[in-house]
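Thanks, everyone. I'll keep this short and go element by element. Please have the structure up on your screens.

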Amino acid sequence: MAPVRPILLLGACAFVLAALLPSGKAMAVSAKPRADAKPPAVAADQVLVRFTPEVGPYFVKTVDIVLGLKGAYQAEGAHTWRFGIGERGNRDDYATLFSTLPYVAQVWPAPGGGTSPRPSERNYVEGELLVKFKRGVSQAQIDAFNAQQGVTALDKISGIEVWRLKLPASRTVEAMQRVYEASGLVEYAEPNHKVSVPLLPDMMPAVPEPAPQAAGTGTVEVQLAPGASAALVSLVYGTPILSQTPEGCVRLSPTPKSSADTAARILRLCPSVLSATVTS
């Protein structure tokens with residue numbers, strides 16, 4: 001078996017990484033491709049991943065190391081990275097893995113050769129739209145265009161210059177998205193998607209509290225390699241820890257985007273995981 005990568009060393013970076021992610025509340029997904037955009041080209045030994053905007057480059061590197069991938073490289077498009085696939089599975093396995101992560105907006109190629117779900121198909125906050133205006137557009141222009149549409153600015157997401165807008169009750173999110181996307185003032189517009197981002201190990205709680213397990217949904221029993229960090233595995237996978245033992249046996253809850261069977265399959269891709277078994 002290949003030696004375990006130095007996962008524990010990442011724990012020392014927790015205080016630095018903590019500044020890169022918010023406190024786990026619902027956030028919006030980043031810019032999405034235009035409806036008529038062609039799917040990006042992806043090499044046979046890579047997956048292309050677009051993260052939600054609150055995910056910073058240091059956290060992306062943490063994901064790369066914990067998952068045993070062959071390098072993370074900034075790609076074209078906002079918050080988009082290319083990953084060389086690891087040695088524990090094929091490209092579809094890693095595409096499935098990324099598609100289940102709570103802080104990932106889109107993956108290419110889509111798992112199973114299907115169409116990667118559009119962020120607009122996800123759950124979103126009714127009556128709200130997230131808009132990024134183009135560089136050079138003045139505040140006066142923004143205010144005038146919003147007023148023309150009967151839209152009220154609620155706040156601005158710091159660091160990424162995205163406005164959260166309140167829409168008039170008579171207009172749907174989809175209709176107003178089309179209006180804003182058609183404007184020459186706007187870089188992109190999209191619904192305020194309900195996507196949760198996990199916290200870092202030095203923040204409490206380390207990951208979102210697990211929802212009560214419905215009958216038959218199952219959990220995953222994981223045996224970690226010696227010295228591996230259960231907190232980092234849980235953080236990167238977004239799988240809340242239900243229990244753990246000093247011997248490295250951890251019981252995890254699947255994310256809302258994953259079944260227990262899928263969670264076990266993708267957990268086995270992690271170099272820190274010796275085994276992953278579905279339990280009732």
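Start with two helices: H4 and H8 are oblique to each other. One word of caution: this is a predicted model.

Here is the geometry. H4 covers residues 91-100, and H8 covers residues 260-267. They pack at an angle of about 120 degrees, and their axes are 10 Å apart. The crossing is left-handed.

Which residues make the contact? On the H4 side, they are Asp-92, Asp-93, Thr-96, Leu-97 and Thr-100. On the H8 side, they are Thr-262, Arg-265 and Ile-266. Sorted by class, that contact has two nonpolar, three polar and three charged residues.

Stay on H4. Seven of its ten residues are buried, so the helix is mostly covered. The buried set is Asp-93, Tyr-94, Ala-95, Thr-96, Leu-97, Phe-98 and Thr-100. What covers them? The cover includes strands S1 (46-51), S3 (80-84) and S4 (104-108). It also includes helices H3, H7 and H8.

Take Asp-93. Its relative accessibility is 15%, so Asp-93 counts as buried. Beyond its neighbours within four places in sequence, Asp-93 is in contact with Arg-265, Ile-266 and Leu-269. Arg-265 and Ile-266 are also among the H8 residues in the helix contact.

Now Ala-95, also in H4. Its relative accessibility is 0%, so Ala-95 counts as buried too. Setting aside neighbours within four places in sequence, Ala-95 is in contact with Val-47, Val-107, Pro-109 and Pro-111. How far apart are Ala-95 and Pro-111? In sequence, 16 residues; in space, 5.3 Å, C-alpha to C-alpha.

Three bridges hold S2 and S3 in antiparallel pairing. Ala-72 stands opposite Phe-83 in S3.

A word on H3 itself, residues 57-66. Its buried residues are Phe-59, Val-60, Thr-62, Val-63, Asp-64 and Val-66. Gly-68 follows the helix, with a positive phi near 70 degrees.

On to the other sheet. This one is open as well, with four strands in the order S10-S11-S9-S12 and antiparallel pairing. S10 (241-244) and S12 (273-279) stand at the edges with a single partner strand each, so one side of each has no neighbour in the sheet. Here the twist averages 20 degrees from one strand to the next.

How many bridges join S9 to S12? Six, with S9 spanning residues 219-224 and the two strands running antiparallel. Val-222 has Ala-276 in S12 as its bridge partner.

Definitions and conventions. Residues are numbered from 1 along each chain as its sequence is written. This is a predicted model: local features need pLDDT of at least 70, side-chain atom pairs count only at pLDDT 80 or more; totals for chains, interfaces and linings use all residues. Side-chain values use heavy atoms; hydrogens and water are left out. Two strands pair if DSSP finds at least two bridges between them. Axes are lines fitted to C-alpha atoms, for helices over the stretch in contact, and angles run from 0 to 180 degrees between N-to-C directions. Buried means under 20% relative accessible area, exposed over 50%, partly exposed in between (1.4 Å probe, protein chains only). Angles under 35 degrees count as roughly parallel, over 145 as roughly antiparallel, 65 to 115 as roughly perpendicular and the rest as oblique. A crossing is left-handed if the near helix is turned anticlockwise from the far one by less than a right angle, and right-handed if clockwise. Contact means heavy atoms within 4.5 Å. Ala, Val, Leu, Ile, Met, Phe, Trp, Tyr, Cys and Pro count as nonpolar, Asp, Glu, Lys and Arg as charged, and the others, Gly among them, as polar.
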